[in-house]
Protein chains: 2
Amino acid sequence: MSKTVAIIGGGIAGLEASIQLENLGYNVHLYEKDSQLGGHAGKWDRLFPNKRHASEVIDSLKNRINNNVQVNLATQVSEIKRENGAFLVASNGKSQKVDAIVLTTGFELFPANKKEEYGYGIFENVITSAELENMFSSNGKPQMVDGKTPAKVAFIHCVGSRDEKVNRPYCSKVCCVTAVKQAIEVKEALPTSEVYCLYMDLRMFGPGYEDLYKEAQVKGVTFIRGRLSETSELEGGRVLIKAEDTLSSKPLKISVDMVVLMVGMSPLPSTEKLLKNLELTPNNDGFVQVKDYHLEPTHTKAEGVFVAGACTGPNNITDSVNAAYSAALEVHKYLTSK
Amino acid sequence: MSKTVAIIGGGIAGLEASIQLENLGYNVHLYEKDSQLGGHAGKWDRLFPNKRHASEVIDSLKNRINNNVQVNLATQVSEIKRENGAFLVASNGKSQKVDAIVLTTGFELFPANKKEEYGYGIFENVITSAELENMFSSNGKPQMVDGKTPAKVAFIHCVGSRDEKVNRPYCSKVCCVTAVKQAIEVKEALPTSEVYCLYMDLRMFGPGYEDLYKEAQVKGVTFIRGRLSETSELEGGRVLIKAEDTLSSKPLKISVDMVVLMVGMSPLPSTEKLLKNLELTPNNDGFVQVKDYHLEPTHTKAEGVFVAGACTGPNNITDSVNAAYSAALEVHKYLTSK
């Protein structure tokens with residue numbers, strides 16, 4: 001009888017790990033707390049660096065899953081514990097015995113209201129990058145709460161990233177390039193709009209990222225090196241942003257119609273809860289600690305428990321896909337040697 | 001009889017792919033143009049983010065290779081061509097028939113003398129980041145050509161990266177964090193030294209990178225946002241660097257004892273040569289083009305030819321390791337379906 005693997009989380013990494021483990025001959029139980037597969041990417045409109053539709057990527061992954069993957073939607077795994085060299089996975093009052101575990105639980109978007117001074121949840125035209133994607137999906141363009149089209153849009157980088165005040169000292173890796181992609185999309189949808197990016201360092205480090213940065217400059221996006229200090233609301237739902245321009249060392253005020261907060265990737269409290277029974281601890285940033293950063297990036301210190309994707313720290317799709325292959329092959333090695 | 005795979009390049013990705021393919025039951029021919037395995041990492045002293053010795057990582061990989069990997073050192077593959085559904089790999093006048101190919105040819109360090117105005121190869125205390133690693137390996141500290149200890153050291157980021165003038169518009173991804181690591185190491189070896197980092201954007205995006213940046217600041221490294229325009233030589237082998245401080249918008253001159261050029265990752269001309277017979281073309285940056293950036297990051301458009309590591313673009317060790325697993329599993333799928 002073929003062995004069984006539980007994959008906890010049905011985003012990019014969980015889908016890819018399911019595909020690979022099924023191909024290798026295993027039965028897979030895939031658990032997804034949401035009512036649909038795809039994770040955060042599944043709710044995104046278009047992806048960097050090539051502005052491809054996210055649905056194309058998610059659909060392709062979903063289509064490669066076959067009958068030996070049992071998909072459990074709307075299913076939050078509440079506990080994983082060891083029993084006689086195997087694991088019991090508890091969810092929705094049921095318990096499933098499996099031979100190995102792959103944690104692909106991903107992340108949560110930084111709750112923007114924790115940066116109270118940025119006005120999210122207070123001023124209605126202060127939105128998150130995820131909400132902007134949603135507008136692109138449904139309307140093809142950003143829209144103010146009163147239905148008007150914004151003439152001036154400001155993107156604020158590093159919201160819940162590189163910020164010790166909110167206990168997120170690390171960089172979230174994908175927000176800079178996402179902001180630049182979204183800024184281009186705003187200019188494409190609304191060519192007469194003024195678009196600003198307020199950044200600390202522009203971290204455009206991957207293939208095609210610098211090309212996007214150049215495209216944004218050509219399309220007229222204004223890049224300002226500075227950190228937002230606070231927002232306040234003006235008449236008509238407009239927003240005043242106050243920052244320091246760290247290139248000119250001058251305080252800066254801009255009134256805009258819409259502020260987009262580039263929310264970072266935060267560790268999920270529900271993941272940390274799962275670690276306890278497995279005698280695992282999170283790393284300094286609160287994500288799942290891998291066994292060896294260089295050599296065993298998809299092992300944990302717990303035998304039979306592997307890990308892939310953004311639950312180990314901020315990650316992009318490509319690196320999550322490769323990590324999922326890596327975890328799948330390590331599961332295979334573990335189960336064939338048992 | 002088990003099938004045979006050629007792996008072209010014995011750096012991190014090639015070693016990991018060899019290990020995984022041997023584990024999956026294949027015969028592996030590993031080709032390395034250098035006289036030893038390990039690639040660039042094998043010549044490095046310590047690695048970011050944890051300052052672990054590179055030799056520990058390379059030795060661990062080498063020790064996991066067994067008898068079904070035939071290692072060919074000092075062997076430059078000159079041609080790969082298809083024959084009857086298989087491949088012929090030509091090197092040193094010999095030819096080997098194999099069933100699949102994994103390209104793990106890596107990169108070359110940007111030839112610093114191409115930025116003539118930086119003085120490399122002209123002024124003797126202008127060195128590269130690789131040469132500094134070599135000094136750490138052999139002396140534990142930087143040393144000027146006359147044997148003296150430098151009192152002032154400047155690190156220049158983005159040499160052969162983000163620079164259209166030398167046809168390298170892309171970011172090399174690892175130089176910022178390497179510079180910060182090396183700056184810390186200089187301060188540790190020579191606590192009274194003055195150390196400067198001249199950067200464009202500090203791209204500290206991975207796990208532990210921001211912690212290194214903080215450590216460098218605590219240890220007294222001075223970070224200057226600016227781009228080097230030129231160097232000139234002063235008495236006693238000292239070097240005058242001229243730059244623009246883009247935070248204060250002022251021109252900047254600093255005289256230092258040693259300049260370290262953070263050379264980026266460039267595509268290898270010998271790799272591009274191999275692509276031709278396989279009907280593959282390089283991507284915009286000159287690296288090997290992958291089939292699908294998001295979904296098939298270790299496929300090429302050529303059937304039976306897979307790819308991993310920095311020959312697809314600048315990459316770090318962790319992501320190269322995972323890509324090698326991914327390529328190995330795709331080779332396995334390809335060869336079992338044939």
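This report describes aromatic pairs in a predicted model.

Local features need pLDDT of at least 70 and side-chain atom pairs count only at pLDDT 80 or more, while totals for chains, interfaces and linings use all residues. Residues are numbered from 1 along each chain as its sequence is written, chains are lettered from A in the order in which they are written, and side-chain values use heavy atoms, with hydrogens and water left out.

Over all chains, the structure holds 13 aromatic pairs. Rings of Phe, Tyr and Trp (its six-membered ring) pair if their centres lie within 6.5 Å; planes under 30 degrees apart count as stacked, over 60 as edge-to-face and the rest as tilted. Two of the pairs are set out here.

| Pair | Centre to centre | Angle between planes | Class |
|---|---|---|---|
| A:Tyr199 and A:Phe223 | 6.4 Å | 70° | edge-to-face |
| B:Tyr170 and B:Phe287 | 5.4 Å | 75° | edge-to-face |

In chain A, A:Tyr199 belongs to strand 13 (residues 194–199) and A:Phe223 to strand 14 (residues 222–233), so their pair ties together parts 24 residues apart in sequence. Strands (E, at least two residues) and helices (H or I, at least four) are DSSP runs, numbered from the N terminus. A:Tyr199 is buried at 4% relative accessibility, and A:Phe223 is buried at 16%. Buried means under 20% relative accessible area, exposed over 50%, and partly exposed in between (1.4 Å probe, protein chains only).

In chain B, B:Tyr170 sits in the loop between strand 12 (152–159) and helix 4 (175–189), and B:Phe287 in the loop between helix 6 (269–277) and strand 19 (305–307); the pair links distant parts of the chain, 117 residues apart. B:Tyr170 is buried at 4%, and B:Phe287 is buried at 3%.

One aromatic cluster is formed by A:Phe48, A:Phe205, A:Tyr209, B:Phe48, B:Phe205 and B:Tyr209.
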